[in-house]
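Keep the sequence and the 3D view open as you go.

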Amino acid sequence: MGKLNVNGTEIQVYKIEENDYISLTDMVRNIENGSSLIEKWLRNKNTIEFLGIWEEIYNEVFDTNTYQTIMQEAGLNRFIMSVKQWVKRTNSKGIIAKAGRYGGTYAYKDIAFEFASWVSPQFKLYLIKEFERLKQIEQAQIGWNAKRELAKINYKIHTDAIKQNLIPAQLTSKQTSIVYASEADVLNVALFGMTAKQWRDNNPEKKGNIRDYASINELICLSNMENINAVLIEDGVLQNKRLIKLNSIAIHQMTVLEDQKGLNYLK
C-alpha cells in the first residue's frame, strides 16, 4: 500500500490484483461532514451513470439490468445509495468499502479522480500530479529490483565458470578471491573503462561500488557480458583476448540500448 500527500492530506492507495484503489474517505477526511459527501455523490444521477459506464467497460460480471433499474431511481428525492448497496446490487468492482485498519471507501483511480473533481477541480489536479509521482517512484523501484535480480542470476553463471575453469584446487581463499576480482574487473574495464579500485579512487565520497551506480542499460549489458565471458572462459580464451572481445560487445550493445548516446567513454 502506498500513500499520497495532496496539499497536506494523506491519502492511502490500496492494491487489488495489481490495480490501484485510492481512498475517497481520506480525500474528505479534513472536510467538515466529509463522510456524508461520498453518499451525496453516489446519489447524483451523473455519478451513477459514470460508474455504470465504467463497469460496463471493465467488469464482465457487472449486473447491467440492475444498473438500468438504479438509473431509473436515481435523481428522485427518495433515492438513497451507499457503496455497500451499489456493490451488492450490481456486483461492481470499481468502488469498494473496506474494513480494518485502513478501512473506508476506495475507488479505482479513474473513479477516484472523478470523485476528486466533484469535490474540487483544483484538488483533482493536485491528486493526479501526486499519483503520477508515486507511480514513477514505484516503476523505478520495480526496474531497480528487476535489474538487480538479473545481475544476481548471471553473476552465479559467471562465478561458476571461473570456479570450474580458472581456479586450481590448491589455491588459498585469498588467492581465489584475487581471481574472482580480476575477472570482475575484466567486465568493469570492458564496460566502464576502469577497474573497481580506479572507480573508488576517483569517487572517494561515494558509497558502494561502480556497479551500484550503473544505469539499467549498463546493467543489462553487464549481465549479457557475464554470460558471454563465462562461455569464453569455458572455451579457454585468454583473459587479454576476452577483454578486447567484451569491450567490442559492450560498445555494440550500449549503442543499441542507448542509440549511440554517451558512448565516448567506451571507446
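**Exercise 1.** Which residue forms a salt bridge with E226, and how far apart are the closest N and O atoms?

*Solution.* Before we start: this is a predicted model, where local features need pLDDT of at least 70, side-chain atom pairs count only at pLDDT 80 or more, and totals for chains, interfaces and linings use all residues. Residues are numbered from 1 along each chain as its sequence is written, and side-chain values use heavy atoms, with hydrogens and water left out.

Step 1: recall that a salt bridge is a side-chain nitrogen of Lys or Arg within 4 Å of a carboxyl oxygen of Asp or Glu.
Step 2: the partner of E226 is R211, with the closest N and O atoms 3.4 Å apart.
Step 3: E226 sits in helix α10 (residues 216–234) and R211 in the loop between α9 (196–202) and α10, so the pair ties together parts 15 residues apart in sequence. Helices here are DSSP runs (H or I, at least four residues), numbered from the N terminus.

**Exercise 2.** Is N188 buried or exposed?

*Solution.* Step 1: buried means under 20% relative accessible area, exposed over 50%, and partly exposed in between (1.4 Å probe, protein chains only).
Step 1: N188 has a relative accessible area of 3%, so N188 is buried.
Step 2: find N188 in helix α8 (residues 173–192).

**Exercise 3.** Where does the accessibility of D20 place this residue?

*Solution.* Step 1: D20 has 8% relative accessibility, so D20 counts as buried.
Step 1: the side chain of D20 meets that of K15 in a salt bridge (2.9 Å, N to O).
Step 2: K15, at 33%, counts as partly exposed.

Key:
Helix = DSSP H or I, 4+ residues; strand = E, 2+ residues; numbered from the N terminus.
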